[in-house]
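Visitor: I am new to this structure and would like to learn how to read it. Could you walk me through a few features?

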Amino acid sequence: FGVNDAGTRFVYVIDNSGSMESHDALQAAKNELLRSVEALGEEQRFLVIFYNVELTVIGPRDEPLQMFHGTDVDRLDLSQQIAPIEGDGGTDHVLALRESLEYHADVIFFLTDAGRPGLTTGEIEEITERNGGASRIHCIEFGGDPELAREDPSNSLRRLAEMNHGRYMYKDVRSFAP
């Protein structure tokens, strides 16, 4: 989605709450995930966390709790594992962000429609403190009003990205729907 970074370890955190089904946002996130990992080399590693109020951590089937390598075999494994994932339920952003930090990634891509409940100032500060500058957290927000998101300095995803040396990007979901 236009946010690039370099590193050897990547974690993709993708909201799969019910609201992400609107305008095909979840499918767009899955498609972009597959495009992104296609660019990774064999020496690079990655993991995917889907979340709503529960976590679904996706890594290699033959190595539970490990990270994928940037190989064709692992990309195929990922593709097969994410195909049945659908949007459902509520949202717990903090649960997913805490889990993502456990993998000590260079880069975390956090994709969400930022639906309620959003991140509070205290939660942003907690995640930033836990991160300790170790990972760059890039936030990609899906929504239907890009002007509001760009202009709002209190946008919690923008603040999370800025406080964790990442970038914030807004994607208009109306461009996803057929």
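Visitor: Let me start with strand pairing. In which sense do β2 and strand β4 pair?

Guide: Please keep in mind that this is a predicted model. Strands β2 and β4 (residues 68-69) are paired in the antiparallel sense, over two bridges. To find the spot, look for R45, which stands opposite H69 in β4.

Visitor: How many bridges does β2 share with strand β3?

Guide: Four bridges link β2 and β3 (residues 55-58), again in the antiparallel sense. Here I49 is the residue to look for, as it stands opposite V57 in β3. If you follow the chain from β2 to β3, you pass through a hairpin of three residues.

Visitor: And how do strand β1 and β2 run, parallel or antiparallel?

Guide: Strand β1 (residues 9-15) and β2 run parallel, joined by seven bridges.

Visitor: Why can I call β2 largely enclosed by the rest of the structure?

Guide: For burial, the cut-off is under 20% relative accessible area. In β2 (residues 45-51), seven of the seven residues are buried, so the strand is largely enclosed by the rest of the structure. Check both faces: R45, L47, I49 and Y51 are buried on one side, and F46, V48 and F50 are buried on the other.

Visitor: Now the helices. Which residues of helix α2 are buried?

Guide: In α2 (residues 72-82), the buried residues are D74, R75, D77, L78, Q81 and I82. Around the axis they span an arc of only 160°, which means that they lie on the same side of α2. Turn to the other side of α2 and you find D72 and V73 exposed.

Visitor: What do the buried residues of α2 pack against?

Guide: Their packing partners are α1, β2, β3 and β4.

Visitor: How should I describe the way α1 and α2 sit together?

Guide: Two packed helices are described by the angle between their axes and by the distance between those axes. For α1 and α2, the angle is about 170° and the axes are 10 Å apart. The two helices are therefore roughly antiparallel to each other. On the α1 side the contact involves K30, L33, L34, V37 and E38, and on the α2 side D72, R75, L78, S79 and I82.

Visitor: Let me zoom in on V37. Is V37 buried or exposed?

Guide: V37, which is found in helix α1, is buried, with a relative accessible area of 1%. Leaving aside residues up to four places away in sequence, V37 touches Y12, F46, R75 and L78. For a sense of distance, the C-alpha atoms of V37 and M163 are separated by 25 Å, and these residues are 126 apart along the chain.

Visitor: One more pair of helices, please. At what angle do the axes of α3 and α4 cross?

Guide: The axes of α3 (residues 93-101) and α4 (residues 121-131) cross at roughly 5° and come within 10 Å. That angle makes α3 roughly parallel to α4.

Visitor: Which residues meet there?

Guide: From α3, look for V94, L97, R98 and L101; they meet E123, E126, I127, R130 and N131 in α4.

Terms used:
Residues are numbered from 1 along each chain as its sequence is written. This is a predicted model: local features need pLDDT of at least 70, side-chain atom pairs count only at pLDDT 80 or more; totals for chains, interfaces and linings use all residues. Side-chain values use heavy atoms; hydrogens and water are left out. Buried means under 20% relative accessible area, exposed over 50%, partly exposed in between (1.4 Å probe, protein chains only). Two strands pair if DSSP finds at least two bridges between them. The arc is that of the directions from the helix axis to the C-beta atoms. Contact means heavy atoms within 4.5 Å. Axes are lines fitted to C-alpha atoms, for helices over the stretch in contact, and angles run from 0 to 180 degrees between N-to-C directions. Angles under 35 degrees count as roughly parallel, over 145 as roughly antiparallel, 65 to 115 as roughly perpendicular and the rest as oblique.
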